[in-house]
Amino acid sequence: MHRTVVITGADRGLGLCLVKDFLAAGSAVVAGKRSGDRNLRALGERGGKLTIVQMDIAEPASIRAAAEWVASRVGAVDLLVNNAAVFPSLKGVPLQARDLADGQLERTMQVNAFGPLRVTQRFLPLLEKGAGKTILDVSSEAGSIADAWRTCELEYCMSKAALNMQTRILANALAPRGYRVVAVHPGWMRTDMGGAEADIDPQEASRGILRLAADPTAAPNGAFVDYTGKPLAW
Ligand SMILES: NC(=O)c1ccc[n+]([C@@H]2O[C@H](COP(=O)([O-])OP(=O)(O)OC[C@H]3O[C@@H](n4cnc5c(N)ncnc54)[C@H](OP(=O)(O)O)[C@@H]3O)[C@@H](O)[C@H]2O)c1
């Protein structure tokens, strides 16, 4: 079990499920939130085990302030879950019909690709002090180049492919220091992002991710797997 877990994008969807499940498993959880924290507050303090921190991962200053604030309260972090992401509401819109100056390209890369890199960098000193030394990047099958099938949704797929490359580079870089860095596809989930027609509830993905977090053999350093541990093609 990871003693202290940091989760980004934690007030709804998969992030909120992960908060609940890690708390139930006995971990202390630092829950990063961008806008509202209504759902997190509803969980109560859980005997001091739940800490809520303002962290907009699109804003470097917000990430730095959050990491400093957490460092002043928590001695070490064992697991970082880079969960926060956006999916632009452009489903099915082909390139010809796109306004590429509408800011969506930049926003999506900023949140989904550069955000997790900045969060990881700022939390590394705390991970360095922890025993777990685990980083889980919540990616997507949409980031697989080998299995790409979509004809649009360019920036979401591109951002997750970039996140996957980040996972691999950091897995290489941090392996000598005992880290495990893994990209996880959580499945198509019934969340605000996934929609009501999706395959699974986020609770199912969350339970799978907890198993992967606890078991290095199911998701070794540098792996790209789904929430059940099935390897995916890069
Ligand atoms: N849903 C799916 O079917 C599916 C499939 C494959 C992969 N994934 C991945 O799984 C993860 C969780 O997805 P989900 O379905 O739970 O999404 P969701 O329901 O849309 O929730 C997204 C979370 O990310 C947060 N967030 C967005 N921008 C942020 C920012 N700039 N800084 C900090 N937090 C930010 C949101 O906070 P606010 O409430 O403040 O907006 C929210 O808490 C994402 O990485 C997603 O790409 C999802």
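Author: Met158 counts as partly exposed because its relative accessibility is 43%; the class in between runs from buried, under 20% relative accessible area, to exposed, over 50%, with a 1.4 Å probe and protein chains only. Before we go on, please note that this is a predicted model: local features need pLDDT of at least 70 and side-chain atom pairs count only at pLDDT 80 or more, while totals for chains, interfaces and linings use all residues. Residues are numbered from 1 along each chain as its sequence is written, and side-chain values use heavy atoms, with hydrogens and water left out.

Met158 sits in helix 5, residues 154–174. Helices (H or I, at least four residues) and strands (E, at least two) are DSSP runs numbered from the N terminus. Together with Leu95, Leu100 and Leu154, Met158 makes a nonpolar surface patch of about 350 Å². A patch takes residues with over 30% relative accessible area and no salt bridge, joining nonpolar side chains (Val, Leu, Ile, Met, Phe, Trp, Tyr) within 5 Å and like charges within 9 Å. The areas come from the Shrake-Rupley method with a 1.4 Å probe, and for residues only the protein chains shown count as cover.

Side chains of opposite charge can pair when their charged atoms come close. The side chains of Glu155 and Arg98 form a salt bridge at 2.7 Å, N to O; the term asks for a side-chain nitrogen of Lys or Arg within 4 Å of a carboxyl oxygen of Asp or Glu. This pair links distant parts of the chain, with Glu155 in helix 5 and Arg98 in the loop between strand 4 (79–82) and helix 4, 57 residues apart. Glu155 is buried, since its relative accessible area is 2%. Arg98 counts as buried too, at 12% relative accessibility.

Glu153 is linked with Glu141 and Arg150 in a network of salt bridges. Its backbone is worth a look as well: phi of Glu153 is near 55°, a positive value in a residue other than glycine. With a relative accessible area of 14%, Glu153 is buried. Lys133 also has a positive phi, about 45°, although it is not a glycine. You will find Lys133 in the loop between helix 4 and strand 5 (134–138), and at 14% relative accessibility Lys133 counts as buried.

How many salt bridges are there by this rule? The count comes to 7. One of them joins the side chains of Asp192 and Arg12 at 2.7 Å, N to O. Asp192 lies in the loop between strand 6 (180–185) and helix 6 (202–214), and Arg12 in the loop between strand 1 (4–7) and helix 1 (13–24), so this pair ties together parts that are 180 residues apart in sequence. Both Asp192 and Arg12 are exposed. Another bridge pairs the side chains of Asp201 and Arg190 at 3.0 Å, N to O. Asp201 and Arg190 each lie in the loop between strand 6 and helix 6, so the parts tied together are 11 residues apart in sequence. Asp201 counts as partly exposed at 36% relative accessibility, and Arg190 at 35%.

Now for the helices themselves. The axes of helix 1 and helix 6 come within 9 Å and cross at roughly 55°, which makes helix 1 oblique to helix 6. Axes here are lines fitted to C-alpha atoms, for helices over the stretch in contact, and angles run from 0 to 180 degrees between N-to-C directions. Angles under 35 degrees count as roughly parallel, over 145 as roughly antiparallel, 65 to 115 as roughly perpendicular, and the rest as oblique. The crossing of helix 1 and helix 6 is right-handed, a term for a near helix turned clockwise from the far one by less than a right angle, with anticlockwise being left-handed.

Helix 3 (residues 60–71) and helix 4 (residues 104–129) pack at an angle of about 25°, with their axes 10 Å apart. That makes helix 3 roughly parallel to helix 4, and helix 3 passes helix 4 in a right-handed crossing. Within helix 4 sits Thr108, which is buried, with a relative accessible area of 0%.
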